[in-house]
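Me: Can you walk me through this one, a bit at a time? I'd like to see how you get to each answer.

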Amino acid sequence: MRSVDLEESSVRELNGELHRLTPETNETRWVIEHPQGKHAIACGLDAPVTVEVKGHVGYYCAGMNKHATIVIHGNAGVGVAENMVSGEVRVKGDASQAAGATGVGGLLVIEGNASARCGISMKGIDIVVKGSIGPMSAFMAQAGTLVVFGDAGEALGDSIYEARLFVRGSVASLGADCIEKPLSDEDKVILRRVLERAGLSAGSDGGPDGFRLYGSARKLYHFHIDNVDAY
Amino acid sequence: MCGIVGLFLKNPGLHPELGFHLAAMLGVMSDRGPDSAGFAVYGSSQADHVKLTLRAASAVEIREAVAALGKAGAGDLDSVFHDTHAVVSVPLAREQEVRLLIARDSRVALVGVGARMELFKEVGLPEQVARRFGLSGMGGTHGIGHTRMATESAVTTRGAHPFSTGKDQCLVHNGSLSNHCGVRRLLSREGLTFETDNDSEVAAGFLTWRMQQGASLEQALSDSLADLDGFFTFVVGTESGFAVLRDPISCKPAVMAETDDYVAFGSEYRALAVLPNAEKARVFEPEPARVYAWELR
């Protein structure tokens with residue numbers, strides 16, 4: 001196990017070391033001490049290693065992640081796991097705005113709450129939030145799955161394309177072109193698979209039946225002849 | 001960008017350390033605003049006296065100007081000098097007379113007035129600004145601070161925050177307001193005066209105006225949601241109060257930490273990490289369009 005204390009090393013030095021790891025590396029477990037809310041910790045990782053961060057982190061932690069598993073034992077600042085490609089990021093506390101923004105793959109689990117714009121412009125990432133999410137979440141979401149055990153804030157899924165939004169609690173309001181949809185067997189399989197991957201047994205947490213599904217009405221991004229006057 | 005910080009101490013045992021912690025928080029926020037910095041501290045008060053914080057171009061000039069005020073009729077002023085600023089304590093009965101003398105001297109600007117509030121701002125790196133004024137040695141119950149990255153107006157001391165438009169009232173702002181010209185005209189008709197063209201001064205003036213009409217700090221901030229348009233996170237101080245408000249889409253960052261000893265605000269968690277027992281604090285992000293307010297007991 002490698003331990004890096006950010007009171008002694010800079011984030012740049014830490015990230016440089018992590019970037020130099022090859023896929024075959026034997027240094028597969030890293031622990032980061034004293035993150036003190038610093039930005040861009042463990043960004044752009046390309047090796048299949050596990051990084052545990054012991055404390056609160058600042059902006060863009062674990063951004064652009066590929067293959068790594070990053071666990072944050074604290075809260076995360078703006079844009080955690082932004083543009084993730086693959087791998088897994090887990091936040092033990094709360095996440096700030098734009099968690100998982102623009103992610104194309106991988107899994108982001110937030111054990112606390114996420115604030116505004118969670119999953120904005122998501123493009124294939126799976127996001128599981130055990131608490132609630134703030135307003136304008138999944139704005140212009142294109143693909144992927146957002147699962148929320150708590151409540152969703154205003155304008156959920158505004159201008160959504162094709163992502164699936166599962167919410168178990170209340171939704172303050174839906175954004176433009178976002179509607180509630182019936183939960184098909186295929187949707188349930190997808191939801192169960194995401195929950196299992198997140199380590200949450202579907203049964204003990206209410207199962208797929210406890211969730212409602214929201215998605216695109218497909219009226220905004222498809223041309224509709226009745227809207228011709230608007231062009 | 002800009003960085004803002006605030007610290008409200010619940011534990012009186014920490015009052016002597018207010019400036020020390022506020023200076024550390026400001027130093028961390030240098031990255032967000034290296035152009036200039038400012039802060040207001042709510043310290044001790046003297047019965048029937050008011051504190052006037054004055055500013056001049058240099059440490060020499062402020063001493064000359066205060067001496068000149070004395071000769072011009074203000075008498076022997078009880079003054080404490082901090083670099084380019086001086087805090088002058090004046091009996092309430094003589095406040096207007098001394099303020100008239102100040103207004104006649106083009107070398108000095110009156111930056112803040114209050115029973116307890118002292119207000120300092122200057123161009124330069126926040127860490128250096130805090131050191132020049134000796135912030136670390138200042139005690140008090142609460143304080144707010146700002147590190148500026150100018151986007152809307154020039155890098156000048158006048159454009160630095162906090163802005164004070166009423167006694168013991170001050171505000172720091174991260175963001176930009178889009179209807180400040182209209183609101184300034186409205187407030188000017190109501191009798192308020194403004195020192196700058198800065199949008200944030202208008203926000204401070206709006207709160208002063210509402211509180212003059214009897215609103216509490218909390219109500220005044222709620223009213224601003226309807227009348228101020230733009231992006232903002234405000235941290236506001238009054239003689240006994242401390243409050244935070246974010247715009248309805250939470251455009252600008254904000255994070256708070258609360259323990260039994262204090263409530264702290266920072267643009268980023270990094271600014272809170274320097275506080276005692278920060279790792280054990282309840283850390284939360286203020287919700288958009290919700291007023292958070294604390295009052296001294």
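Me: Over how many bridges do β10(A) and strand β11 of chain A pair?
Reply: In this predicted model, β10(A) pairs with β11 (residues 212-216) of chain A in the antiparallel sense. Strands here are DSSP runs of E with at least two residues, helices are runs of H or I with at least four, and both are numbered from the N terminus. Two strands pair if DSSP finds at least two bridges between them, and for β10(A) and β11(A) the count is four bridges.

Me: Which residue in β11(A) is the bridge partner of Lys181(A)?
Reply: Quick note on the bookkeeping: residues are numbered from 1 along each chain as its sequence is written, while chains are lettered from A and ligands numbered from 1 in the order in which they are written. Since you're looking at a predicted model, local features need pLDDT of at least 70 and side-chain atom pairs count only at pLDDT 80 or more, while totals for chains, interfaces and linings use all residues. The partner of Lys181(A) in β11(A) is Leu213(A).

Me: Which strands stand at the edges of the open sheet of chain A?
Reply: Eleven strands make up that sheet, with mixed pairing, in the order β1-β2-β3-β4-β5-β6-β7-β8-β9-β11-β10. An edge strand has a single partner, so one side is left without a neighbour in the sheet.

Me: Is α5(B) parallel or oblique to α6(B)?
Reply: The axes of α5 (residues 180-189) and α6 (residues 199-212) of chain B come within 9 Å and cross at roughly 40°. Axes are lines fitted to C-alpha atoms, for helices over the stretch in contact, and angles run from 0 to 180 degrees between N-to-C directions. Under 35 degrees counts as roughly parallel, over 145 as roughly antiparallel, 65 to 115 as roughly perpendicular and the rest as oblique. So α5(B) and α6(B) are oblique.

Me: How many residues of chain B are in contact with chain A?
Reply: Contact means that the C-beta atoms of two residues, placed from the backbone, lie within 7 Å. On the chain A side, 14 residues take part. On the chain B side, the number is ten.
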